[in-house]
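Here is a short report on selected features. Have the sequence and the model at hand as you read.

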Amino acid sequence: MASLQSAPSSPTQPRNKKGGFIVAEPPKFDLESYIQNYQGRTRLDRLIYIGVCSTFLGVEALKLAVREAKAGKDIRKYFEAQAHLETIGPEEPEAVRDKSWIDRVSKQNDAETKRLEEELKGYKNNLVKESIRMGNEDLGKHYHAIGELPKAFEAFSRMRQDISASKQIIDVSRHLINVAAEQKNWIAINSNVQKVKSAIAGTAEEASVQPYLHAVQGLAHFDVGDYSEAANSFLWTEPGLAQSAATIISPNDVAVYGGLCALATMDRNQLQRRVLENSSFRTYLEMEPQIRRAISFFINSRYTNCLQVLESYRADYLLDIYLHRHIDEIYQLIRGKCIVQYFIPFSSVTLASLNSGFAPLGKTMDKELIAMIQRGDLDARINTVDGLLESRKVDPRAELQREALRMAEDYEKEAGRRILHMHISMAGIEVKSPKRSHGGQADAAFFQDEGHRLGGGPGNRGLQY
Amino acid sequence: MDDILPKLLNFPQHPPPPNPLSDQQYDEGIRAQISVVKNIPNSKLLQPTSGGENVLDIINPSVNSVPYTFILIANIEAAQRNDKNIDQENLWNSIIAFLAQFDPRQMRYMQTELSQILDIFSNMARRHHQIPTAIPHIRDALLRFEPTGTLLTPKHLLLVKLALEAKQFDDVLPVIDKTILYIPGAGHRPRQKYLCNICLPPAAYITVQTGFVAKPLKHLEVLEYFLLSGQVYIGLKKWKRASECLEVAVTYPTKDSGPSKVMTEAYKKWILVRLLMDGKMPVLPKVTSPGAAKVLKVLGKPYETVAQIFEQGTASRLKSELEAGRDLWTTDCNMGLVMCVMAAYQQFQIKNLANVHTKLTMVDIHNLTQSAEIGSKLPNAAAVETLVQSMIADGTLHATLSHPPNQSPVLTFSPNGPLLTEKQTQAALAASSTRIKALTEEIKTTDRMLMYEKEYVNYAKKMKKNAAAGLEHGVGVNDMDFLGEDEDLMGSLY
């Protein structure tokens, strides 16, 4: 896995910038029921993202986003949603900027901020720990709602000083994880997950947060591109996530992310054992049957079908707020694995059959194959003249003999060098620093001397040195 | 003259005695002979025989090396005084005859004189522009005197310098091809009882006291030898040996100090040579002194950049980098190597294609590779074909070229590179094991020599004392951690 991560960027690397590409195909999901899976501010983010990227759902999503924003307190998000809608659907009623709402909400927000800060000050003067903690919590929630993420994070962090029960540790961390997920601050998420894990006391308590922790941690690994770790986290998620992480990630996402990461990083046996036969993950997998199908196809060596299933969901995944950045890379990893598996029993395969079986529509495999061979994923050679991919024939005997000779030569060289070094030190003529100035002069003298005598070096056989 | 001839030819006995002399008898005989001949005044040595012949023409240098040497030196000194009786050309020929025929066993007792003759000979060669003729004679003399060639002497350096002056490289290969293992020691070593013992390792009969090496070698001379022999190999485009020589210079031990300037020069050349060899940025060998390595890295930065671009960059970048550094390469006298690097870029590109492809048309190769010399693709596929043909011909590319009718020529890479036949492999393995066995002997020799080093003796004394003290106090020697700081000189070899 590590080698895959450090591999050179492939020609089909994901385009990183949000909104840098447009999804034209209609997705398979229904927007209403999709957004039902989420709660809180992530709904707004997801709607805006879909609105910007999808030509098919754009207007509808942005309309929802505007409505969603107006129900909340975040003026900046409202601007964002409304501005996008203004460009793609100016005739919609929601596309008109509601100035009175903005004024009203901004005044309310300011008043609320002031009130909560005053209150907190009061609590601090009274030195009642519990009140200070709750004051901070209210303030954090308020800042979060109006979109002041750094301030919200700070306020929630301050809660930690006044904690008195382990339940509160979990609360604090959940707040922080929420904000951090929106900021994409994955390091903070990981550290908070660890804090919760160490604070958990009973098994009952553990059971209630375990799915949440694993889902969030998986997401953190996933978004930094550590697919193997992400797969591990997602696969360990116990059933019962339901809406507990709905502000960040839905159970469907766990199935999709976990399944794709596993497909991209695990071999056939692991997939069978750890994904399909994994009872806790199965509850998630049932929600996204196409992932389950893709994995079964892979295990049964029907690589083309596996890739077709994934390809047909590409549009959906491109509209996911986290998945879209990674989907190309993950698909490429999966495709690479399929090719490697497919190629194992053959000594040569025509490039045409590879192209028809594996290449994404309208593309050829050549570049990807070259990249895979260069990375060492695929032990084969391309024959462009006859259009074949040929497996490499190794002659173990010759390899061994060559290796033996090389080792002997290395030994000779090394031993010789060490003997020489010993005699140099016996003669006491190492390069030493006390005589440095002296030695430097001698060096310079040598070069003047040589330069003069050799006339700039032996310009023999058309070479100059 | 005739009266002293018997004295001169007194030793070794002629005809040889039925039982060869023991080392002791030989030693006594030759020492006596030397002291006798030394006491004969030069004027007498210079007299011709009664028949008017030059004595040098009568004495056989391979049998009577001692008197021949003294007479030769007398002649040379006379020639330096511009004595009219000395024929320069005759003298030159006599020296050549001597260098080709002297008896190395006898010359062990005449090392100062041998060294003197070699110096004079090379000076004469320089003066008369005869260096090319002189080089083979000096080379043969060196190998005649010390056949293993593993001991570095100032004459080695002299020889390499002559070769570079005359730009005549092939002739010195027999000497510089040998791996240098020994440096003549400064002392401490027990005197060998009999120099004539033919089993002695070279480091035992050539030391600073025995005269062939007039004064201890300095680090600069050692480094210089390796840098210059590296240059000889570069001149011959023998990259492998060149890199080995330069590597010795680069890894030369330093003590609390940065590298010498020679080491940096060697490092720069080493990078380029290794680039020509494997097409990759080389990694400094582990034995490089850490202090030196840091400084080398800094000073060799421009060269390392070139290596990186060579490995990963495009032809046009390499070309502009090499052109930007033109002044630097010229100052460092590395322009020639840099040109080679430029030319090698496309060759390595083509070679690397074998890591991905088995068969390619010329048109493909033309499209996939670029020439660093012009910073872009070659003008046409035919030019690529010429390049590929030359690479196959000189053995750098293991592939075959075929011309299918009406198509671009096709290059087929051979999958496993060059294959040795079973016999060749056997021979190579046998040769290698012989060399390693010989090396094991050298290791033993070195070990013995280390035993007489002052440091080791002190260490051994300390060990003994500790062992005694340890027994008294009931502590084993191994319990004493402070012993760990003593250097483990041979341990890392095994």
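## Two loops in chain B

Asn406(B) sits in the loop that links β3 (399-402) and β4 (410-413) of chain B. The model is predicted. In this model Asn406(B) has a positive phi of about 60°, yet it is not a glycine. Most residues other than glycine have a negative phi. Asn406(B) is exposed, and its relative accessible area is 82%.

Asp256(B) is found in the loop between β1 (254-255) and α15 (261-278) of chain B. Its phi is also positive, at about 45°, and Asp256(B) is not a glycine. Asp256(B) is exposed, with a relative accessible area of 68%.

## Strand β2 of chain B

Now to a strand. Strand β2 of chain B covers residues 357-361. Four of its five residues are buried, so the strand is largely enclosed by the rest of the structure. Buried here means under 20% relative accessible area.

Which strands pair with β2(B)? Strand β2 (residues 380-383) of chain A pairs with β2(B) in the parallel sense, over two bridges. In that pairing, Asn383(A) stands opposite Lys359(B). Strand β4(B) runs antiparallel to β2(B), and three bridges join them. There, Thr361(B) stands opposite Val410(B).

## A listed region in chain A

UniProt lists residues 106-133 of chain A as "coiled-coil region", in an unreviewed entry. In the model, the chain is 93% helix and 0% strand over residues 106-133 of chain A. The end C-alpha atoms of this stretch are 26 Å apart.

Conventions. Residues are numbered from 1 along each chain as its sequence is written. Chains are lettered from A and ligands numbered from 1 in the order in which they are written. This is a predicted model: local features need pLDDT of at least 70, side-chain atom pairs count only at pLDDT 80 or more; totals for chains, interfaces and linings use all residues. Side-chain values use heavy atoms; hydrogens and water are left out. UniProt positions are given in the numbering used here, feature names are shortened, and annotations may be inferred rather than shown by experiment. Buried means under 20% relative accessible area, exposed over 50%, partly exposed in between (1.4 Å probe, protein chains only). Two strands pair if DSSP finds at least two bridges between them.
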